[in-house]
Amino acid sequence: MKKRLLLFVSSCLFLSSCTSATSGELGHDYPTRSITGVIPFGPGGGADSIARVVSQYTEPVLDETIILQNVEGGAGSIATHDVYTDPANGYKILFGAENPNLYRTTGISDLSYHDFEPLMLFARTVPVIIVHPDSRFETLDQFLTHAEDHPGDTLMATTGPVGTSGVVSSMLGLDFAMVPYKGEGASITGLMGKQIHASIVSLPSAYNYIVAEEVRVLGIVNDTRLEEFGEWPALGEVAPEYLDYLPWGAYYGAYVTKGTPEPVIDTLVESFEYAFEDADFQQFLENNRMIPLGLTGSEALDYQAEWESRTNWFLYQSGFAEHPENYDIPVPNF
């Protein structure tokens, strides 16, 4: 009788422990420890900046610390793989940019954002074509004409074929001599040191350097000029043949691996929604010339799908990507 009673008590304790673990795994008590935020690029770029700021306003809501790590390399694919192979429990978040939308067609990785759930797409950016203040290039038109007439003569920074510089260079279809850097911040440093002739980066990454006159803007990769920067010509007005692809630019978001329990996702989404609405965070976006998105759920998925379709197809048409239909990426409405 005593043996049966002990077995009964032990079974009850085991079941209680399993029930408690399941409850925690489903997010009822989430989070119970610090969260790791993985940034796919080096310090100083747009993804790095937005992750460090938004986490400040998310931590008080979650009542836990978000420990940020820069995991560089492979155009962000190393960090993406790192998050993907971790348990899908919400304790590792990818603070990514748009790059994984292009991994499959460019042969970088079998992963894409179809393997992740977007928690929020925070903002998008407009790329700028920048040179050293002493550069021989005075105008965007002069720069494009020189690159066309002198193939391989212009040293252009790249953070990889799916980074901002790589995609825009492919869009332009010009033969630049591509010089690799681990992130936009590093490429700007290289430009200031005259290691390269030009770089194409997101406006937030370059803005402080532009204000300090450490780099000079030749133009923006957009269909029209920006109202507050009317002196910067738009690619679409200088070269109308690119208008079908514009506007185009990077965007930044936070992701967890598919299979993460819904209560965990809901908790994280709510925390990011709170952070996004904070007046100081909105001021950060404005100060850094980011265009607010604040998209979650189906809206985030729709935005991402449209971006994936449009960009993969123009890379394919330019000869820099496999056929998008091989990956069920539909033809965009150009």
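Reader: In what order do the strands of the open sheet of 6 strands lie?

Author: This is a predicted model, in which local features need pLDDT of at least 70, side-chain atom pairs count only at pLDDT 80 or more, and totals for chains, interfaces and linings use all residues. Residues are numbered from 1 along each chain as its sequence is written, and side-chain values use heavy atoms, with hydrogens and water left out. Strands (E, at least two residues) and helices (H or I, at least four) are DSSP runs numbered from the N terminus, and two strands pair if DSSP finds at least two bridges between them. Pairing in this open sheet is mixed, and the order is E2-E1-E3-E10-E4-E11.

Reader: Which strands are the edge strands?

Author: An edge strand of this sheet pairs on one side only. That applies to strand E2 (66-70) and strand E11 (291-295).

Reader: What does the twist average from one strand to the next?

Author: Axes are lines fitted to C-alpha atoms, for helices over the stretch in contact, and angles run from 0 to 180 degrees between N-to-C directions. From one strand to the next, the twist averages 25°.

Reader: Which residue of E11 is the bridge partner of Arg 124?

Author: Strand E4 (residues 116-124) pairs with E11 over 3 bridges in the antiparallel sense. Within E11, the bridge partner of Arg 124 is Ile 291.

Reader: At about what angle to E4 does helix H9 run?

Author: Helix H9 (residues 262-277) lies across E1, E3, E4, E10 and E11. Helix H2 (residues 46-62) lies across strand E1 (35-39), E2, strand E3 (92-96), E4 and strand E10 (251-257), and runs at about 165° to E2. For H9, the angle to E4 is about 5°.

Reader: How many nonpolar residues has the contact of H9 with H10?

Author: H9 packs on helix H10 (residues 279-287) at an angle of about 65°, with the axes 5 Å apart; H9 is therefore roughly perpendicular to H10, a term for angles of 65 to 115 degrees. In this contact (heavy atoms within 4.5 Å), H9 supplies Ala 275, Phe 276 and Glu 277, and H10 supplies Ala 279, Phe 281, Gln 282 and Leu 285. By class there are 1 charged and 1 polar residues, and the nonpolar ones number 5.

Reader: What percentage of the protein chain do buried residues make up?

Author: The protein chain holds 11 helices and 11 strands, and its C-alpha trace spans about 95 × 45 × 35 Å along its principal axes. Buried means under 20% relative accessible area, with a 1.4 Å probe and protein chains only. Of the 334 residues, the buried ones make up 52%.

Technical notes
Parallel < 35°, antiparallel > 145°, perpendicular 65-115°, else oblique. Nonpolar A, V, L, I, M, F, W, Y, C, P; charged D, E, K, R; others polar. Buried < 20%, exposed > 50% of the residue type's maximum accessible area, 1.4 Å probe, protein only.
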